[in-house]
Amino acid sequence: MTFHLVVDRPVARSLPSRHRFALSRLAAFVRLGRRSQPQEAAEHLILAIDRDQTGAEMNCVALWVLATAASYFAVALPFPWPLSILAGVALAILAIHIPIVGGGFLLRLLIGDGDHASLVSAATMTLLFIASGYFAMTSSWVRFVGWLFIGMLVINGIAALFLWLLRDKVRSAEERCVR
Amino acid sequence: MTRSAWWRRFLVRGVVWRQLLRFGVLNTPSWTEPTVIAFWSLFFLLWGPGRRGVMRNLAVIKPRSNALGNFVRCYRVFWNYAWTIADNVRFKELRTIPDWEFSGWDHFQQLQAGDGAILLTAHMGSYDLGAQLFSETSTRRIVMVRAPEADPETRQFEEHHGTGGVHVEFNTRPAELAFDLLDNVRSGDIVAIQGDRVSGPISVLPAMMFGRATSVPAGPFALAMAARVPIYPVFVVRLGRRRYRLMTSRPIEITRTADREADFARAVAQWMAELERVVADCWFQWFTFEPYWPEKAA
């Protein structure tokens, strides 16, 4: 995309370029073909074309990652179930901070001050993938959580492949929407 | 560095929290951001004076509320505050622009087209982000008046990490500042002032909000009268993830008569009506962490 801001085009809210994950971008592309220009309550609208702009996508992924990490902790704790779940959620929240703090400081030392969110993102996803691989091999119920995580990564990879094949169509559909 | 100076960095207005926020913005993946912000909003609840201030204000805004309900509402205020300050730092550091919706677009255009104006706003949403939006979309210079950071290190940090698009004047020397601002308005600049709460030894005007007596800074009203320019109430409200609404209301015209007090009282009443309407609708974004009404503070 060559544009970063779209003015007074409400349909641009659901552009694939405003989504981060391939699966979500592909779904946005499918929806884009079916949508007409929606009614807009705002008198004037400026929309930023930014991959992290869609709240529903980000909140869903954040909740899913939290639930996944909390399940891994809960199953590893020796407490009764309700306590394990509570402690699992608390530990998961703290664990999510580890790559941010650890990775952030390390990257700052290695490559200097700046925006390291993409590298921390890749590191966090890798850690979750490794943890999911480990728990998927266990015999407890948490293996389903692990397989779900791995499965979603595979589906997202396939969606990325589709998006790459459809890249010209996606670009022209987006341009039609905003011009 | 002395022991006391070292500790000061960790106080509520200390520099450590600003550094931590910047670090978080630069290193947090967007898809873990909601979890991280939810956690840190909980952490804010440990700030006793701020929590109590918000809860006392909520008790006035929502008279039928109870303490437990207001505690939960207080979390919502902190949650919105955390997102707002994060969006503000993200804009400063990475130039990430949120979505903007405008209401009162005619008034906004009128504000941009006029010969100097005063933009009166409140501690709501991201007023810093709103001022930046103005500075980037307008041909007019924006002069923002604000209280300086109490902590010298925090002040230095903010100066170093500012965007530079907005000219900031600090209200430390009221007499000289008044003349400077008058010059600014007369030369066509837009002077942005927060008109909801009084901080520091500045002159005030009596006001009523939610049926209770309070006071507002007299400066914007005196400046509007002296420069003969309108006051535009402008509010920036957060609607969701990286999504804001800029609301511009009907301008307040201060007509000069023989009775100055009555002129001011009319203008203040119009401003308070706007402020009350917006705060009633968007109480979860009114970032006033001290008790707003003197009787409640007592």
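The model is predicted, so local features need pLDDT of at least 70 and side-chain atom pairs count only at pLDDT 80 or more, while totals for chains, interfaces and linings use all residues. Residues are numbered from 1 along each chain as its sequence is written, chains are lettered from A and ligands numbered from 1 in the order in which they are written, and side-chain values use heavy atoms, with hydrogens and water left out.

Salt bridges were examined over the whole structure. A salt bridge is a side-chain nitrogen of Lys or Arg within 4 Å of a carboxyl oxygen of Asp or Glu. The search finds 17 salt bridges over all chains. Side chains of opposite charge can pair when their charged atoms come close.

Arg18(A) and Asp99(B) form one such pair, with an N to O distance of 2.8 Å. Arg18(A) sits in the loop between strand E1 (5-7) and helix H1 (22-34) of chain A, and Asp99(B) in strand E1 (residues 99-103) of chain B, so the pair joins two chains. Helices (H or I, at least four residues) and strands (E, at least two) are DSSP runs, numbered from the N terminus. Both Arg18(A) and Asp99(B) are buried. Buried means under 20% relative accessible area, exposed over 50%, and partly exposed in between (1.4 Å probe, protein chains only).

A salt bridge also links Asp113(A) and Arg22(B), whose closest N and O atoms are 2.7 Å apart. This pair crosses between chains, from the loop between helix H3 (81-111) and helix H4 (117-136) of chain A to helix H2 of chain B. Asp113(A) is partly exposed, at 45% relative accessible area. Arg22(B) is buried, at 11%.

Within chain B, Arg242(B) pairs with Glu33(B), the closest N and O atoms being 3.8 Å apart. Glu33(B) is buried. Arg242(B) is buried too, with a relative accessible area of 5%.

Backbone geometry also marks Arg242(B). Its phi is positive, about 50°, although Arg242(B) is not a glycine. Most residues other than glycine have a negative phi. Arg228(B), also not a glycine, has a positive phi of about 55°. Arg228(B) lies in the loop between helix H10 (219-227) and E8 of chain B. At 64% relative accessibility, Arg228(B) is exposed.

Helix packing was described next. The axes of helix H5 (residues 67-94) and helix H7 (residues 127-137), both of chain B, come within 9 Å and cross at roughly 35°. Axes are lines fitted to C-alpha atoms, for helices over the stretch in contact, and angles run from 0 to 180 degrees between N-to-C directions. H5(B) contributes Asp87(B), Asn88(B) and Phe91(B), which meet Asp128(B), Leu129(B), Gln132(B) and Glu136(B) of H7(B). Contact means heavy atoms within 4.5 Å. By class, two nonpolar, two polar and three charged residues make up this contact. Nine of the eleven residues of H7(B) are buried, so H7(B) is largely enclosed by the rest of the structure. Among the buried residues of H7(B) are Asp128(B), Leu129(B) and Gln132(B).

Helix H3 of chain B holds Ile37(B). Ile37(B) is buried, at 8% relative accessibility. Not counting residues up to four places away in sequence, Ile37(B) touches Trp79(B), Ala82(B), Trp83(B) and Ala86(B). The C-alpha atoms of Ile37(B) and Gly195(B) are separated by 28 Å.

Helix H1 (3-8) and helix H2 (15-27) of chain B each give two or more residues to the patch. Leu46(B) is placed in the loop between helix H3 (33-44) and helix H4 (48-61) of chain B. Leu46(B) is exposed, at 67% relative accessibility.

Technical notes
Nonpolar A, V, L, I, M, F, W, Y, C, P; charged D, E, K, R; others polar.
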